[in-house]
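Student: I'd like to go through the disulfides in this one. Can you put the model up?
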Amino acid sequence: GFTSEAASYHFDNDFDHCHDVEFDAVAVNEHGVPYFFKGDHVFKGFNNDALLSNESFPELDDHHHVDHVDAAFHMHFDDDPSHEHMFFFLDDNVFSYNAYKLEDGYPKKIHEVFPGIPDHLDAAVECHKGECDEDSVLFFKDHDVYHYNIQTKAHTASTLTTMPNCTAALRFMDHYYCFHGHMFSKFNPKTLEVPAEKYPKEARDFFMKCRNYKRCSRVDLDAITADGAGHMYAFRGHYYLHKAHGSDAYTADTIENDFRELHSDVDAVFSYNNHTYMIKGNDLYIYQVGEHNTLLDGYPKPLKDELGLEGPIQAAFVCDNEHTAHLIKGNHIFDVDMQTTPHVATNDRPLTHFKKINGAMCGADGVTLIDGNHFYKYESIMLMVASKMLPEAHKVSVELFHCDH
């Protein structure tokens, strides 16, 4: 994490970056800390309060009432004289800061500093040689993307077709991100291609540390499981929540931290015989449960070879003291006998009442199926499959995660 800035800054606790905020611009400072700009405020790091932008960059107000920043980036190319400068774009002006001091002669018109680049930009991000063909800046405006060569000042333009228009862009930890409101996509800066994963994603799952957001927001879960000891784990995006048996308190951590090889975006999880089975796409990961979860040698392995089904799998669970894994694929449920090898998916039965099952778990009180923001309880699998109507709907946020809404 990142530490707070100097306490002398004016903090605005009423300006909350966790409630549907769409950032105007994002850039890192010379220490790699992301600055998120919204209106006339800036958030420094992932969990700080809002500051007025003009407290860090006062000249913005001297030349232009800073009610917004259109775009921003950090110039840190070793062979460029503007190395370690931060550039801000406001309407048709560009400001260049070095160590939080405005450079002489600025602000200037954008076309003077970056010939051929339009005014009123949506986003900008630096791109290093190797990640781009040459040291470059990518400028975004509407559906157009301009690749600007820092040395030659030449640019090429292309049309953005791989993702929604960027309202802000960021290079962070050697990856490139385009924000679309409070969603984001990771992209290749040379080709603008987006990885074949679940994008756009929710920025608050990755870039903001929001109190209670990860368990109390209305974004659907990816997976949930309860193990034989009564511990519950819920997964979403890059994070997971853990609730120990007998406790109402949840702890949150990144999937990367405890399940390093998996990274994020789990499709389904079930617990069996002191192991956690984690399904992602067409791969199965098996972790030995312990103080440090350890991936078993040789994994991940193909899901089809290990459990007898192709992905994607929406949910999976094993009931207490049983040896059958139940896998939900689409609106069908299959059984896999975990004591017989090779594992084969059998007993295909339809589940006709649900639009989309996000997760499932089974315990002493029966089966819990999660469908979006609601969950449904059944006393047994047999009753769940045979039921002609939905049981009472319960709110995931209130009754599973003890939120107030």
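This is a predicted model: local features need pLDDT of at least 70, side-chain atom pairs count only at pLDDT 80 or more; totals for chains, interfaces and linings use all residues.

Student: How far apart are the sulfur atoms of Cys319 and Cys362?

Tutor: They are 2.0 Å apart, and the two residues form a disulfide. The torsion about the S-S bond is 95 degrees, and the link of Cys319 and Cys362 is right-handed.

Student: Which parts does that pair tie together?

Tutor: Cys319 is in the loop between β27 (315-318) and β28 (324-329), while Cys362 is in strand β31 (residues 359-363), so the bond joins parts 43 residues apart in sequence.

Student: What is the handedness of the Cys166 and Cys178 disulfide?

Tutor: Left-handed, because the torsion about its S-S bond is about -125 degrees. Cys166 sits in the loop between β13 (155-159) and β14 (168-172) and Cys178 in strand β15 (residues 175-180), so this pair ties together parts 12 residues apart in sequence. Cys166 and Cys178 are both buried.

Student: And Cys127, what does it form with Cys132?

Tutor: Cys127 and Cys132 form a disulfide with a sulfur separation of 2.0 Å. The link of Cys127 and Cys132 is right-handed, with 100 degrees about the S-S bond.

Student: Why does Cys132 count as buried?

Tutor: Because its relative accessibility is 4%, and the cut-off for buried is under 20%. Cys127 also counts as buried, at 0%.

Technical notes: Residues are numbered from 1 along each chain as its sequence is written. Side-chain values use heavy atoms; hydrogens and water are left out. A disulfide is a pair of cysteine sulfur atoms within 2.5 Å. Buried means under 20% relative accessible area, exposed over 50%, partly exposed in between (1.4 Å probe, protein chains only). Helices (H or I, at least four residues) and strands (E, at least two) are DSSP runs, numbered from the N terminus.
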